[in-house]
Amino acid sequence: MKTPGQLIGHCFISISVSVAFLVVGTAVAQQPHTLTGDIRFHKGFHSNILNNDRDVVVYLPPGYEANKAKHYAVFYLHDGQNLFDGATSFIPGQEWRVDETAQRLIAAGKIEPLIIVGIYNAGRERINEYTLAADAKYKGGKADLYGRMLVEELKPFIDSHYRTKRDAQHTGLGGSSLGGLVSIYLALKYPTVFGRAAVVSPSVWFSDKQIVYYVEALGKKPKVRIWMDIGTKEGGTAEEALQTVSDARLLKETLIKQGWRLGKDLEYFEAEGAVHNEAAWAARVEPILTFLFPRKM
């Protein structure tokens, strides 16, 4: 089921959303920065494959500079402007708090120290880049090109600039909404690159649930550890919220039929009362990180 109320809040461009971007752009400048830890910026990262530019922001774990011999797992996350900084987030002041949460969990020894790469969305191109097939109403369908950008351009760039563990077992991909949709699609398409996936509030409905058919058509089960979740109030109406949960359950059951095991290489969580926004996703960052990147004993 298509839920336009959710789309407007997450960078789907229409005339009304373009106006919203102008308003947000004004408000963002007035917001204080909320960055925590060692944060690096790569402005205007250029993709020849997509022929566009985007900013990339990198969180480095505590101790990164002190131990020059150590290499780290990497977690790539979409919608990078919403992850670390309330001053850049789509809803001013409302961000995922990934940096604060990772910093706390690493210090407590609950997760392995890791590098987190925030990939800014490309604004008007977000819907195209985050969808595997075109939707009759919202179009899109350029996730294959976006995936090539990640695999052929961005990951080699990160691997060359930072001390990374480059294998799939130590590389994750994640995002919310359409970012969740593209994360599961690309992780399953490139299981030798991404061995862990965070599928947060995925837009399963997009393009008549093509992601479900894609999972159904898998041959051999890829070795990908998957976190998936959904809020029970994600939708403009109660009916839409019920359908959103139903769609998530359908995707979960399809994964199970293909060999994923709950509590082993698949975790599924329904957040009671949670809606479709950054504050709701911020509340789930801790379990996401602890499931995908647990501290090795």
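Residues are numbered from 1 along each chain as its sequence is written, and side-chain values use heavy atoms, with hydrogens and water left out. Because the model is predicted, local features need pLDDT of at least 70 and side-chain atom pairs count only at pLDDT 80 or more, while totals for chains, interfaces and linings use all residues.

Helices here are DSSP runs of H or I with at least four residues, strands are E runs of at least two, and both are numbered from the N terminus. Helix 5 covers residues 143–161, 19 residues in all, and spans 25 Å from its first C-alpha to its last, close to the expected 27 Å (1.5 Å times one less than the number of residues). There is a kink of about 35° at leucine 154, shortly before proline 156; the bend is the angle between axes fitted to the seven residues ending there and the seven starting there. Among the buried residues of helix 5 are Ala143, Tyr146, Gly147, Leu150 and Leu154, buried meaning under 20% relative accessible area with a 1.4 Å probe, protein chains only.

Leu154 turns up again in the largest nonpolar core, where Leu154 and Ile226 touch the most other members out of 57 residues. Helix 6 (residues 178–189) gives this core its largest share, 8 residues. Such a core is a set of buried Ala, Val, Leu, Ile, Met, Phe, Trp, Tyr and Cys residues joined through side-chain atoms within 4.5 Å. A second, separate core holds 27 residues, including Phe75, Leu77, Tyr120 and Trp227.

Leucine 186 sits in helix 6 and counts as buried because its relative accessibility is 0%. Leaving aside residues up to four places away in sequence, leucine 186 touches Ala143, Tyr146, Gly147, Leu150, Leu173 and Phe194, with contact meaning heavy atoms within 4.5 Å.

Then there is strand 3 (residues 73–77): 5 of its 5 residues are buried, so the strand is largely enclosed by the rest of the structure. Ala73, Phe75 and Leu77 point one way, Val74 and Tyr76 the other. Strand 3 runs parallel to strand 4 (residues 114–119), joined by 5 bridges, and pairs in the parallel sense with strand 5 (residues 171–176) over 4 bridges; pairing takes at least two DSSP bridges. Alanine 73 stands opposite leucine 114 in strand 4, whereas leucine 77 has glycine 174 of strand 5 as its bridge partner.

Notes:
Buried means under 20% relative accessible area, exposed over 50%, partly exposed in between (1.4 Å probe, protein chains only).
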